[in-house]
Structures are given as structure tokens and as C-alpha cells.
Amino acid sequence: MRTDTGQVFKLEDYRPNDYLIPQTNLTFRLSPDATRVTALLTVERRDGVSMSAPLVLDGDGLTLKRIEIDGKKVKPSDLLASPDQLTILKPPAARRFQLLIETELAPAGNEALMGLYRSSNVYCTQCEAEGFRRITYFLDRPDILSVYTVRIEALRDEAPLLLSNGNPLDRGDLGGGWHYARWHDPFPKPSYLFALVAGNLGQLADSFVTLSGRTVELGIYVEPGKEKLAGYAMDALKRSMKWDEEAFGREYDLDVFNIVAVSDFNMGAMENKGLNVFNDKYVLADRETATDADFANIEAIIAHEYFHNWTGNRITCRDWFQLCLKEGLTVFRDHEFSADQRSRAVKRIAEVRTLRAHQFPEDQGPLAHPVRPRRYREINNFYTATVYEKGSEVVRMIRTILGAEVFRAGMDLYFERHDGDAATIEDFIKVFEDASGRDLSQFALWYHQAGTPNLTISSTHNPAAQEFTLEIEQSVPPTPSESRKRLMHIPLAFGLIGAGGKAVEYSGVEGASIEDGVIHVRKRRHMVRFSGVAERPAVSLNRGFSAPVTLSVEQKADDQFFLARHDNDAFSRWQAFNTLLTDALISAFREILGGKQPDFAARLTELAGSIAGDETLEPAYRALALALPGEADIARDIGRNIDPDAIYAAREALALAIGTANRGAFSSLYLSLADKAAFSPDAASAGRRALRNTLLDYLSLQPGGAALAAGHFQSATNMTDRAAALAVLAHRHHGSPEAIEALAAFETIYGSDPLVMDKWFQIQASVPGPQTVDTVMALTNHPAFSMGNPNRVRSLIGTFSSANQTGFHRADGEGYRFFSQTVLEVEKRNPQVAARLATALRSWRSLEPLRQAKAREALLSIANAENLSADLRDIVERTLA
């Protein structure tokens with residue numbers, strides 16, 4: 001484990017390496033405690049580089065066993081070797097030479113799960129971002145592209161399956177119980193995309209015929225006996241392959257495509273060329289073990305990793321500062337896929353909720369950074385919502401500005417121009433400028449500036465002049481290292497809505513460029529005047545969430561109620577109601593702090609009932625609309641001096657008011673939505689279950705609510721309904737006989753299934769109230785829990801710290817103390833997971849003073865620990881700065 005604070009890497013310091021490695025031949029002799037790796041590298045000096053330039057290779061904790069150049073041993077005096085670096089002081093005079101390096105690894109002891117490690121007796125690799133250097137000494141950077149040929153040797157009984165990237169070449173026996181397999185990937189790739197899997201796994205096999213008529217053999221490998229649980233993942237894969245051909249013209253390029261599911265994995269999945277490695281929670285699913293959300297996640301993540309084949313693999317990033325070029329772009333692609341597979345409106349709302357919950361706080365806190373960072377100490381800490389989700393929104397804005405047809409032309413040009421390249425953001429922007437003839441230099445600031453822009457908007461109507469005016473002013477708040485911001489190009493989609501929800505026509509406009517219903521905000525202040533507007537319209541703003549901004553709108557509540565009922569843009573209709581709910585919750589929060597009982601307007605609770613019963617709206621849409629803004633969302637909008645207990649009380653009061661006002665209608669609708677057909681994970685069926693379970697949550701606060709939820713739990717025929725009922729019982733009726741019985745029954749049924757037990761941990765970790773700290777502490781000793789498994793840690797510790805505002809932020813600071821101790825314990829095994837957990841305290845300065853002081857104390861206790869990893873130290877020091 002690296003315990004230094006880490007070198008600061010800066011974008012402006014990038015320069016190509018003096019050497020290339022066009023060919024890499026690897027031989028693995030697998031053993032749990034002493035794997036031998038022989039790397040035969042073809043090294044090439046770049047043109048113009050001095051023959052005396054040393055070759056410096058990256059390592060991380062390596063044991064060097066042998067080194068040869070062109071078949072001859074290297075003299076000790078001609079090299080400098082340490083576990084973390086290998087320097088050839090006197091490379092051969094020839095422009096190209098062969099370098100042989102032999103290292104020894106201990107995969108079984110690799111708890112960091114980077115490089116080569118073992119998961120449930122299966123050998124597995126994870127090389128992004130800098131894990132390949134834990135396997136052999138190498139130029140471990142994205143712009144070093146190499147053609148890989150891999151030979152894997154293993155005991156057949158221990159590892160009958162031997163997989164690597166690319167296409168299989170041959171396999172055979174070696175005698176003594178050993179066998180081998182060879183793989184070749186014809187497409188040059190960076191080292192972070194290397195993959196190897198070896199072990200005893202079951203296979204679900206299928207095939208796909210590409211647009212040009214080639215047959216691709218497909219395989220999903222899982223623990224033996226779980227093959228049937230991979231059926232939905234296989235279906236999602238085939239749909240992804242077809243969609244990418246149709247939507248982006250991208251055909252798969254190898255003879256095989258394999259996915260392997262492992263139980264110990266730091267991330268969701270990894271897009272290694274032709275051999276994707278997945279966290280098993282994003283592969284395994286059936287009605288008994290997976291919720292509708294699990295099915296949707298599997299579909300999206302299978303698609304995401306497959307789409308990387310072109311946006312990430314065939315075209316990779318020049319350096320890690322360009323990470324959003326593959327991740328943000330591919331998130332945009334998987335969002336579009338899911339929108340086409342499911343409901344575009346529902347998907348868009350879900351995307352925005354995720355962005356606001358995770359990326360907006362990041363942009364507003366000490367960990368803020370541009371979509372393309374300019375500096376980093378530990379690249380593992382920049383796999384963030386800003387890079388992924390905001391990066392996706394930036395791509396979406398390019399399409400909004402240029403239009404779908406020109407955007408597709410730009411993407412086609414990108415694939416044509418940069419296939420086989422390690423590209424940059426500048427390369428990406430340039431193809432759209434060339435395809436459209438537009439100057440996108442101001443827009444490119446979205447990649448270079450941190451922070452969430454705010455638009456302050458007011459409107460006036462002059463009936464005599466038949467003129468409607470929008471006054472728009474943009475600002476970007478200061479962020480760490482960026483106190484002054486440049487003006488952004490913000491595409492603001494809008495609509496003028498009149499009586500009955502009809503669009504209001506206008507005869508002319510001045511003050512800003514407007515195209516296809518989008519105001520192009522480029523200046524600090526715009527006065528946009530619409531002529532020929534006889535009656536004052538309601539203004540629908542940022543329709544479809546056309547830009548990732550916050551709005552400060554001077555708008556009457558009457559307009560919000562009108563838009564919530566009549567806006568013909570589905571996202572903006574949801575946004576209007578969500579804004580009404582948020583405003584009511586913030587008012588209630590302040591009333592509670594002032595010692596008053598909150599009082600909610602009858603028309604708000606009536607509107608909730610109207611939306612719930614509106615059969616013209618999809619059930620999934622209605623479920624999202626009725627879901628109250630989360631406690632963290634409310635805290636973000638309040639901004640400072642946050643008391644989580646008061647926010648929780650406000651939410652409970654509003655939920656009770658809505659449920660009470662609509663009890664009869666909600667009960668009737670709840671009964672009518674009961675599943676009558678066999679379970680299906682399709683979007684329509686999932687939407688009905690989502691609405692029914694949302695109604696259950698409201699009804700559970702009414703008399704007889706515990707019995708209703710218990711009956712729902714007992715009669716459930718699928719995991720979606722069973723887990724929803726268990727959450728209602730545990731959260732709304734904590735400590736009741738019904739809740740205790742349901743928790744025990746769930747554990748009895750699913751105690752041997754780790755992925756399902758994660759749900760059990762999550763539900764208990766998110767129970768509101770100060771007592772949950774003690775519950776979580778006790779659950780760390782449960783037989784199904786392990787500090788060494790990232791899924792278990794995320795399900796219990798991660799849920800508690802990020803999704804339980806009242807429990808984690810307990811007034812006496814006990815939640816913080818437990819958390820800081822646990823983060824340090826996790827770090828001993830897995831610094832990457834510990835660093836991600838630590839981000840839960842990124843918004844500590846927004847808390848009220850007493851909690852703020854206790855949170856800071858917890859952060860300092862981590863910062864002052866001895867031998868802190870570079871990963872964790874980077875997060876904690878930036879959070880405290």
C-alpha cells in the first residue's frame with residue numbers, strides 16, 4: 001500500500017513518453033501465493049529521442065526475478081530496481097529491442113483488489129486506473145498502446161477456464177495436471193484494459209450476428225450453478241449490441257465477447273477489451289433475488305461496458321485527465337439506450353435525481369473539480385459523479401446545441417478520425433466544430449470549469465404592448481482553486497404555456513439567440529423580449545433538463561401549480577411539482593426549528609392525489625412524482641446550518657399530510673395495482689410495482705399501516721415487493737413486532753445469498769434515528785458481513801454514511817466516530833474503497849455548528865492516522881482544506 005501523499009500530476013505537464021511498447025507478450029504461471037509473470041516487451045524509442053535516454057517503467061509492490069534485453073541478462077549496474085519502479089539506465093542503441101521481465105506475485109494476499117487477485121478462488125485482474133503496474137513493470141499510462149498476446153498456465157483442477165482479451169488462439173495440456181491457453185487481441189490497447197480470468201466457472205453461452213453478418217460467440221461466466229441467473233444480462237447484452245449498430249453505427253469487432261461475474265470487485269464493472277469483468281450484483285438476477293432496480297441497473301451497466309468497446313477501447317484517452325472522454329461519453333450512450341428500452345421521460349427524471357443527489361454536492365463542496373481535472377494526486381479518486389454524470393450532461397448539451405442529425409455526423413467523424421487513437425477533449429470538440437461549422441470554444445468551458453452555474457430569472461408581461469420579457473442572469477460560484485469564473489454557453493430549453501397547457505405563440509424575439517425552443521445563454525445578462533404575446537404565459541424553464549444548472553426563478557406558486565398540471569414537457573411537469581414539494585419542506589423545516597407545527601396547503605396535498613390518479617401518466621412517472629425530495633436534497637437547497645433531525649421531521653409531516661388527505665384514493669389505487677400476471681421485469685410492470693410500493697409507504701403512516709405493510713411482505717411474489725415492504729416496516733415501524741418478524745424471516749430465507757443479504761444490510765443501515773449507529777455496529781459482526789468484501793462494506797457502511805442523514809449525523813457525533821474508525825479499518829485492506837467511503841463527509845461545513853465541529857474532529861482523526869494511504873489522505877486533506 002502506497003503511504004506517501006502522492007505526486008501532484010498536472011495537465012500542463014503532459015508529454016509523450018520517450019518510448020513505446022508496440023507489442024506485449026505475457027506468460028502467467030498461476031499460483032495463489034507465487035504466480036510467475038514473464039513479460040516479453042517490444043520496446044521502441046521514439047524518433048528524435050536520445051539514445052542515452054533511460055527507460056523508466058512503473059511498478060507497484062513488485063518482486064523482480066529476472067530481466068533480459070535481447071536475450072542477455074542486464075548488469076545490475078545498468079539498472080535501478082525497486083518494488084515501485086524499474087529504470088534501464090543504458091538502453092540498447094538500436095531503435096527497437098526486446099525486454100524480458102519476470103516478476104512474482106501473491107494474488108491470494110491481494111486484498112486491495114487491484115492488479116491480479118483472487119475472488120472466491122478465481123484469479124481475476126483489475127487494471128484501471130493503475131493496476132497493471134502491480135503485475136509487471138510497464139509504461140502504465142493510457143497513451144501507450146500495445147498489441148497483446150497472452151499465455152496462461154494453470155492447474156486444470158484449480159482453473160479449468162482460462163480467459164484473456166481478444167480472440168482465442170489455442171489451448172492444450174502441459175503434463176502434471178497443468179494446461180494452458182493462448183489469447184491474442186489484434187487491436188492495440190493501453191495496459192489498463194488488460195484482463196485475465198482463470199478458475200472454475202459456469203457458462204451461459206449464446207451468439208450474436210452483426211450487421212455485416214459475422215457471428216460473435218457470447219459467454220457470461222458465473223459461479224457454477226448460477227448460470228440461469230445470467231439470463232437477463234445476456235438479453236441486455238444482445239440488445240446493447242443491436243442498439244449500438246442502429247443508433248451509432250458501431251459494430252462489434254472480435255470473434256468472441258465474454259463477461260465474467262466476480263464477488264469481490266471495487267467498482268461496478270470494467271470494460272476490458274472483449275473480456276468485461278463485472279461485480280456479480282450487476283449480472284445475477286431473478287424475481288426471487290433481484291428488485292426492478294437491480295434489473296434496470298444490470299441492463300444499464302451491461303450496456304455501458306459494452307459501449308466502451310468504441311468509446312474507451314477503440315478510442316481511448318490520451319491521459320487520465322481526459323477520463324470523461326470515455327466515461328462521460330459512454331454514460332450518455334447508456335442513458336440513451338435505457339431511454340429507448342424503457343420510458344424516456346422516467347429515465348430522464350431518474351438521471352437528474354442522481355445528478356442532483358451526487359454531482360451537485362460534489363460541485364458545491366471541497367471536492368469540486370472540472371469535468372476534465374487539471375491536477376490530481378490520486379487518479380482513483382477522480383472516478384466521480386462529475387466525470388461520469390456531469391460529463392454525460394455536457395455531451396447531451398452538444399446534441400441539444402447542434403441538433404440530433406449534426407451530432408450524429410460529429411460522432412461518425414470522431415470514430416473515423418480517431419479510431420486507434422489516445423484522444424483528448426480538444427479532439428472531441430473539434431469533430432463537432434468541423435461537422436457543424438460552429439465555434440464551440442465558449443461551450444468547451446463546461447469541461448474546464450468546476451461548479452454548478454446558476455441562472456437567476458424573472459419575467460414581466462406588458463399586455464398593452466403584447467410583450468413578454470425574460471431577464472436572465474448567469475453566475476458560476478467559486479470553487480477550490482477557482483475564485484473567478486468565465487461566462488458559460490448554457491442551452492436553456494423553454495416553453496411559454498397558456499390556458500389548457502397549449503404553447504403560446506410569439507411573433508418575434510430579441511435579446512438572445514433562440515433555436516428550436518432553446519435560448520442560448522452566452523452573456524452575463526440577457527433581456528429576452530417576445531413580441532405578439534397577448535396574455536401572460538407560465539414559463540417552463542430548463543425543459544428536459546437541457547443544462548445541469550440551478551435556477552433561481554421569480555415565479556408565483558400559481559404558475560408552479562399550473563405547470564405541474566398542464567406542462568406538456570414531462571420533465572418540466574415533474575420539476576414543477578418537485579419544486580412545490582421542496583419549497584413546502586423548506587418552509588416546514590424552518591417552522592420546526594422555530595418550534596411550530598408545520599401546516600401544508602390543501603391544494604398541494606390535493607395535487608399529489610391528482611397526480612397519483614392521473615391515468616394519462618405512466619405509473620413509473622407517478623411513482624417518481626410522489627417520491628418526496630430526499631433529506632440530502634433538501635439540505636443542499638437550504639445550504640447551511642443544517643439540522644438533519646428537523647429535515648426528517650418535515651418530510652415525515654408532509655408524507656403524513658399527503659397520505660391523510662388522499663387515504664381513500666391511495667387505498668383504492670394500491671389495491672388495483674396488485675400484480676395479476678406472472679412477474680416480468682419489463683418497464684411497464686416495474687412501473688406499476690413502483691407506484692404501488694410508493695402508495696404503500698404513504699399508507700403505512702395511517703392507522704393500520706404496520707399490518708398493511710406486513711401483509712404486503714407476506715404476500716409478495718417477487719423481491720421488489722418483498723424488499724419494499726421490509727423497508728417500510730423497518731423505517732416506519734422500527735421495533736414493532738411486524739418489523740422484527742419480517743427482518744428475521746428475510747434473514748432466514750436469504751441468509752446464504754450474499755447479494756440478497758446486502759439488501760437486508762442496506763435496509764437496516766438506512767433506518768432513521770439515533771439508534772441506527774448501534775445497529776450498524778452490531779451488524780459488522782454478523783456472519784454474512786465482511787470488511788474485506790466491497791459489496792458488503794458499501795451495503796452497510798456506505799448506506800449508513802450516505803443515505804441515513806439522521807443516523808449518521810447523530811447530534812452527539814457517535815456516527816462520525818464509528819465511521820472514522822471503520823474507514824481506517826477498511827483502508828488497511830482496500831484503500832480505494834476507504835477513500836470512496838470518506839467522501840460521505842464532503843458537505844460537513846453545511847451542518848449546524850455542533851455537528852460541524854464533531855464531523856471535523858472525525859476527519860482530523862483520519863488525517864492524523866499513521867501510514868495513511870495516498871488514496872485516503874488525498875480525499876481527507878481536500879475535504880478539510
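1. Helices (H or I, at least four residues) and strands (E, at least two) are DSSP runs, numbered from the N terminus. By that rule the protein has 27 helices and 33 strands. Thr210 sits in the loop between strand E17 (202–209) and strand E18 (215–222).

2. A word on the basis. This is a predicted model, in which local features need pLDDT of at least 70, side-chain atom pairs count only at pLDDT 80 or more, and totals for chains, interfaces and linings use all residues. Residues are numbered from 1 along each chain as its sequence is written, and side-chain values use heavy atoms, with hydrogens and water left out.

3. Overall size. The radius of gyration is taken over C-alpha atoms, and the globule rule is 2.2 Å times the number of residues to the power 0.38. For 881 residues a compact globule would come near 29 Å; the protein has 28 Å, which agrees. The C-alpha trace spans about 90 × 65 × 60 Å along its principal axes.

4. Burial and contacts. Buried means under 20% relative accessible area, exposed over 50%, partly exposed in between (1.4 Å probe, protein chains only). Of the 881 residues, 59% are buried. Contact means heavy atoms within 4.5 Å. Among contacts between residues at least 6 apart in sequence, 71% join residues at least 24 apart.

5. Back to Thr210. Its relative accessible area is 5%, so Thr210 is buried. Setting aside neighbours within four places in sequence, Thr210 is in contact with Val216, Glu245, Glu251 and Tyr252.

6. Aromatic rings. Rings of Phe, Tyr and Trp (its six-membered ring) pair if their centres lie within 6.5 Å; planes under 30 degrees apart count as stacked, over 60 as edge-to-face and the rest as tilted. The count comes to 40 aromatic pairs. One of them, Tyr376 with Phe382, is tilted, at 6.2 Å centre to centre and 55° between the planes. Both Tyr376 and Phe382 are buried. Phe808 and Tyr816 pair edge-to-face, at 5.3 Å centre to centre and 90° between the planes. Phe808 counts as buried because its relative accessibility is 0%. Tyr816 is buried too, at 0% relative accessibility.

7. An aromatic cluster. Trp243, Phe248, Tyr252, Phe257, Tyr306, Phe307 and Phe337 form one cluster. Tyr252 is also among the contacts of Thr210.

8. Which residues of helix H9 (residues 557–566) are buried? They are Asp559, Gln560, Phe561, Leu563 and Ala564. Their cover includes strand E27 (490–497), strand E32 (538–541), helix H10 (570–593) and helix H11 (602–612).

9. Backbone points to check. Most residues other than glycine have a negative phi, and most peptide bonds are trans. The bond from Glu128 to Ala129 is cis, with omega near 10°. Ala129 lies in the loop between strand E11 (122–126) and strand E12 (146–155).

10. Positive phi at Ser120. Its phi is near 50°, a positive value in a residue other than glycine. Ser120 lies in the loop between strand E10 (115–119) and E11. With a relative accessible area of 45%, Ser120 is partly exposed.

11. Positive phi at Asn641. Here phi is near 55°, again in a residue other than glycine. Asn641 is in the loop between helix H13 (631–638) and helix H14 (644–661). Asn641 is partly exposed, with a relative accessible area of 45%.
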